[in-house]
Number of protein chains: 2
Amino acid sequence: MQHEASYRQTPATTFNRRKHRGTYDAETIHNIVNTSSVCHVGFQPSPDDPYPVVLPMIAQIAVYPPDAGDDVAPACYLHGYVSSRLMRLGGDGLPVCIEATKVDGFTMALTPFNHSYNYRSAMIQGDAAVVEDPDEKIWAMQLITNAVVPDRWAHTRVPPDAGEMQSTRIMKVRIERASAKVKGHVPSDEKKDLRRDDVVDDVWTGIIPVWETFGEPVPSPYNRVKETPAHIADFVKNENLNAMEFATEAASAAEPSKSGAS
Amino acid sequence: MQHEASYRQTPATTFNRRKHRGTYDAETIHNIVNTSSVCHVGFQPSPDDPYPVVLPMIAQIAVYPPDAGDDVAPACYLHGYVSSRLMRLGGDGLPVCIEATKVDGFTMALTPFNHSYNYRSAMIQGDAAVVEDPDEKIWAMQLITNAVVPDRWAHTRVPPDAGEMQSTRIMKVRIERASAKVKGHVPSDEKKDLRRDDVVDDVWTGIIPVWETFGEPVPSPYNRVKETPAHIADFVKNENLNAMEFATEAASAAEPSKSGAS
């Protein structure tokens, strides 16, 4: 079976409002999750507890084995230090929701009502289980390490020893449903306000771009490598440039919302 | 009854690992939530659906009425364009979890196993209901607008008219449990690796600071206010300075973890 490039539309993931912003496109969804430093994983910790739990974790969507191509559906791999409760629960497939949101701009309109964010947001629902296969586990550990800083794995003391393998838990989420919302519009106000000179002459409207910036790397007290290595320096330089360009271009190129006021 | 400055420790919020990072301090928890552009709200959409939902929303913790002082416990107010499903469910108190995470640095160690983030993360569990009282609702709308950009409310066309009041929904979450984790340590490696010259001479260890940056505001196509107003320009300048200082100082002042390897 060939994996589809889009996720299925289901009643639970059908967009109730502003349908034009919603997408089931796999590349869009994977990109939002895979470029987020942190994703937010929700689950029900116990049938006796009325409250769900949401924990920050590192998530990466990928296909294993990596050469499987379109025959295997991508899964979402999770890693997080704060996840021991989730890990303990994940024996036979725990229903989870993984959400990632990147805010690209603050959209300032004439009225508080029409203020909004420009953002990209992805939501995945599926069943999480602990990765037991040692080959898949070490592949996922490498995937996640290199997702934080490209090529980091090869620049550390690897492979992990038996104790490290034992103490690391990776969860694999079989993706049942997935969707994304992407909003990148200029502010949009009602005719009743746009007609009022006293309002339009007085209220600044526009977009404040926002992005994640990385600073100058700070060596640890026991670091003995004098120069910041290229894989770190390049990461900082490239990420900063790309993120700044993306957010500022998104703000400048933003178009009016198709649905009018947003 | 005077509201406590700390939240109760409960079995569900007791930290299983690395207890020294956990806190129930109200100021710490409120600060993480109130300075996050986006929080992540988890809930169970239906008893028939196995999967929870996590949605991005704007959250602010505050006391209403604002002059109530210590007699009233703070609640968490939620607003989000993507929240129509949550809003419809929230009639009699929907159990929710609100999570906010700020990543302050990437902590690069000798081994992938000891890599981590420096971060501040808060989790609140409680019961959400729609705010019906018009005075509390308009107060919360103002609170949330000014949380995005200080003093923005007064610089827009206010008050909201009847239609805008009608179309806006604010949720109020009574806080049942709350906790935070704060981690800001230098990398921490095992003695077995620190003893190896080949490893320590070869692997760069340290912290890459990270923070949210705001760019030059971009006017909308219908903006007629020529100069960026002070409340916007000051916000961008102050936020950028504070965020950069916080992340770079946190990286430079980071101390070894009390528990050894982290």
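Modeller: Let's start with an idea we'll need: a salt bridge is a side-chain nitrogen of Lys or Arg within 4 Å of a carboxyl oxygen of Asp or Glu. Keep in mind that what you have here is a predicted model.

Biologist: Are R157(A) and E164(A) buried or exposed?

Modeller: For that you need a cut-off: buried means under 20% relative accessible area. R157(A) comes out at 9%, so that residue counts as buried. E164(A) is at 2% and therefore counts as buried too.

Biologist: What does D161(A) form a salt bridge with?

Modeller: The partner of D161(A) is K192(B), and their closest N and O atoms are 2.7 Å apart. This pair crosses between chains: D161(A) lies in the loop between α3 and α4 of chain A, while K192(B) belongs to helix α5 (residues 191-194) of chain B. D161(A), with 26% relative accessibility, counts as partly exposed, and so does K192(B) with 35%.

Biologist: Which side chain does R224(B) meet in a salt bridge?

Modeller: That would be the side chain of D201(A), at 2.8 Å from N to O. Here, too, the pair crosses between chains, going from the loop between β9 (218-219) and α7 (230-253) of chain B, where R224(B) is, to the loop between α6 (197-200) and β8 (206-214) of chain A, where D201(A) is. R224(B) has a relative accessible area of 41%, which makes that residue partly exposed. D201(A) is partly exposed as well, at 45%.

Biologist: And which residues do salt bridges that share partners join into one network?

Modeller: The network takes in R157(A), D161(A), E164(A), K192(B) and D193(B).

Biologist: Now a contact of another kind. With which side chain does the side chain of S220(A) make a polar contact?

Modeller: A polar contact is a pair of N or O atoms within 3.5 Å. The side chain of S220(A) makes one with the side chain of T205(B), at 2.7 Å. S220(A) sits in the loop between β9 (218-219) and α7 (230-253) of chain A, and this serine counts as buried because its relative accessibility is 6%.

Biologist: Last one: how far apart in space are P150(A) and D49(A)?

Modeller: From C-alpha to C-alpha they are 40 Å apart, and in sequence they are 101 residues apart. P150(A) is in the loop between α3 (134-148) and α4 (162-167) of chain A, and is partly exposed at 45%. Now try E245(B) in helix α7 of chain B: E245(B) and P209(B) are 36 residues apart along the chain, with 9.9 Å between their C-alpha atoms. E245(B) is partly exposed, with a relative accessible area of 39%.

Methods. Residues are numbered from 1 along each chain as its sequence is written. Chains are lettered from A and ligands numbered from 1 in the order in which they are written. This is a predicted model: local features need pLDDT of at least 70, side-chain atom pairs count only at pLDDT 80 or more; totals for chains, interfaces and linings use all residues. Side-chain values use heavy atoms; hydrogens and water are left out. Helices (H or I, at least four residues) and strands (E, at least two) are DSSP runs, numbered from the N terminus. Buried means under 20% relative accessible area, exposed over 50%, partly exposed in between (1.4 Å probe, protein chains only). A polar contact is a pair of N or O atoms within 3.5 Å; within protein, one must be able to donate a hydrogen and the other to accept it, and residues adjacent in sequence count only if both atoms are side-chain atoms.
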